[in-house]
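This briefing covers selected sheets, helices and single residues of one protein model. The points below are grouped by topic.

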Amino acid sequence: MKPVKDIRLWPGIKLSELMEQLEESGGFTARYLGIASRILKSMLKDELCLRFLSFVGAPIATGLRGVLVEAIKRGFFNVIITTCGALDHDIARSLSNYYNGDFWMDDSKLREEGYHRLGSVLVKLESYGPAIEKFMQELLEEVYEKGVREVGSFEIARLIGERIQDENSILYWAARKNVKIFIPGIMDGAVGTQLWLFHQRHRDFKLNLFRDADMLADLIFTAKRTGALMIGGGISKHHTLWWNQFKEGLDYAIYITTACEYDGSLSGARVAEAVSWMKVKPQAMKVTVYGDATIILPLLIASALEDV
C-alpha cells in the first residue's frame, strides 16, 4: 500500500517531473496517465524492443498529427498500423488547410456550403475527395509507367510519403525514417477507392495484402521484444495485438481510449483482456488510459522528449 501524495507544483516545473508525480496522486485518470508515461519511457529506452504505434484516422484531422510527426522524426516507433482515413487526412492536409469548427454547427448548412464536418474540424469538399483523387491518380500512373504492378499497403504508404513534399506529414517522415506503415483496412477510405478506380483502367495492377503479412512476419519474428502505443480501437488496435500474439504477446502495452468495455467491443476492451488471448504477456508493463487522445498524447510525448 502506498499513500496518496499531493501533486507539487513550482515555477519552471518540467512536464516530465509533473508526470512522475501523477502515478502516486491517487486520482483518477491522472494516475494511469502517470503509469503510461513511465511505461512509454521504458519502452523507448529498450533498444531490443520493436515499437508499434497504432491509431485511427480521425485525430489526423487535428493538431495531434504534429505530435505523431515529432515522435516519428525522433525514432520513437518502428512500425505504424493505422486506417485508410489516416492516409486520406494526411494527404489532404498536405495539400490544403483544415479549419476549426464546432460540434454544434448546422450540418445541413455546411453541406450546402461545401464543407464536411469531422467533430469540431471543418474540411472543404474540394480539399478532400477531389484533391486526393488527383494526387493518387497521378502517383499511380507514374509508378505504373515505371513497371509497378503489385503492391502491399505498406508500399502504397511509402510511395505516398515519397511524393508528398510537406514536412508536417506523417507519411513524409515515415518514408524518410524507414518506418513501415500498414493499413489492413486500406479499401475503407478515399485512398482505397482510388486504388480500385485505377484498377478499372489497369486490370493488371494488383493490391496484395499478403505482402503486408510477409513483412509483418519478418519484423515480428526477428524482434527480441515488442511494445505498442495504441490510440483508439478498431482494426488498427486489433491488427497490432493480433500480430503480437505470435511473440506470445506484447512486452509493453499502452492503450488510450474513450470506449467502454461493457458492450464487449474490441475498442472498449482494456489491455488486460488481451492477456487471455496471448496478445499481451501476463508480466508485460501495461495500462489503459481513458480520455481524449488529443489531450493525453501531447502530454505523453512531450514528457518523453524531455527524458529519452
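Helices and strands here are DSSP runs, of at least four residues for helices and at least two for strands, numbered from the N terminus. By that scheme, Asn178 lies in the loop between helix H8 (170-176) and S7. The model is a predicted one.

**Six-stranded sheet**

- Six strands make up an open sheet with parallel pairing, in the order S7-S2-S1-S9-S10-S11.
- Strand S7 (180-182) and strand S11 (280-290) are the edge strands of this sheet, and each of them pairs on one side only.
- From one strand to the next, the twist averages 15°.
- Seven bridges link S10 and S11 in the parallel sense.
- Ile254 has Val287 in S11 as its bridge partner.

**Helices against that sheet**

- Helix H2 (residues 29-45) packs on the sheet and touches strand S1 (49-55), strand S9 (225-231), S10 and S11.
- The direction of H2 makes about 130° with that of S11.
- Helix H10 (residues 210-221) lies across S1, strand S2 (79-82), S7 and S9.
- Relative to S7, H10 runs at about 130°.

**Three-stranded sheet**

- A three-stranded open sheet has the order S3-S5-S4, and its pairing is antiparallel.
- Strand S3 (99-100) and strand S4 (115-118) are at the edges with a single partner strand each, so one side of each has no neighbour in the sheet.
- S3 and strand S5 (residues 121-124) run antiparallel and are joined by two bridges.
- Tyr99 has Leu122 in S5 as its bridge partner.

**Lys247**

- Lys247 sits in the loop between helix H11 (234-244) and strand S10 (250-257).
- Which side chain of opposite charge is nearest to Lys247? That side chain is Asp251, 7.3 Å away.
- Lys247 is buried and has no salt bridge; a salt bridge would need a side-chain nitrogen of Lys or Arg within 4 Å of a carboxyl oxygen of Asp or Glu.
- The backbone oxygen of Ala223 is reached by the side chain of Lys247 at 2.4 Å.
- Ala223 is also among the residues that Lys247 touches when those up to four places away in sequence are not counted; the others are Ile220, Phe221, Lys224, Thr226 and Lys281.

- Glu248 is in the loop between H11 and S10.
- The phi of Glu248 is near 65°, which is positive although the residue is not a glycine.
- Is Glu248 buried or exposed? Glu248 counts as exposed because its relative accessible area is 62%, and the cut-off for exposed is over 50%.
- Asn178, in the loop between H8 and S7, is another residue other than glycine with a positive phi, here about 60°.
- With a relative accessible area of 58%, Asn178 is therefore exposed.

**Leu95**

- Leu95 belongs to helix H4 (residues 84-95).
- The relative accessible area of Leu95 is 46%, so this residue is partly exposed.
- Leaving out residues up to four places away in sequence, Leu95 touches Ala131 and Phe135.
- Leu95 and Gln165 are separated by 70 residues in sequence, while their C-alpha atoms are 9.2 Å apart in space.

Notes
Residues are numbered from 1 along each chain as its sequence is written. This is a predicted model: local features need pLDDT of at least 70, side-chain atom pairs count only at pLDDT 80 or more; totals for chains, interfaces and linings use all residues. Side-chain values use heavy atoms; hydrogens and water are left out. Buried means under 20% relative accessible area, exposed over 50%, partly exposed in between (1.4 Å probe, protein chains only). Lys and Arg count as positive and Asp and Glu as negative; His and the chain ends are not counted. A polar contact is a pair of N or O atoms within 3.5 Å; within protein, one must be able to donate a hydrogen and the other to accept it, and residues adjacent in sequence count only if both atoms are side-chain atoms. Contact means heavy atoms within 4.5 Å. Two strands pair if DSSP finds at least two bridges between them. Axes are lines fitted to C-alpha atoms, for helices over the stretch in contact, and angles run from 0 to 180 degrees between N-to-C directions.
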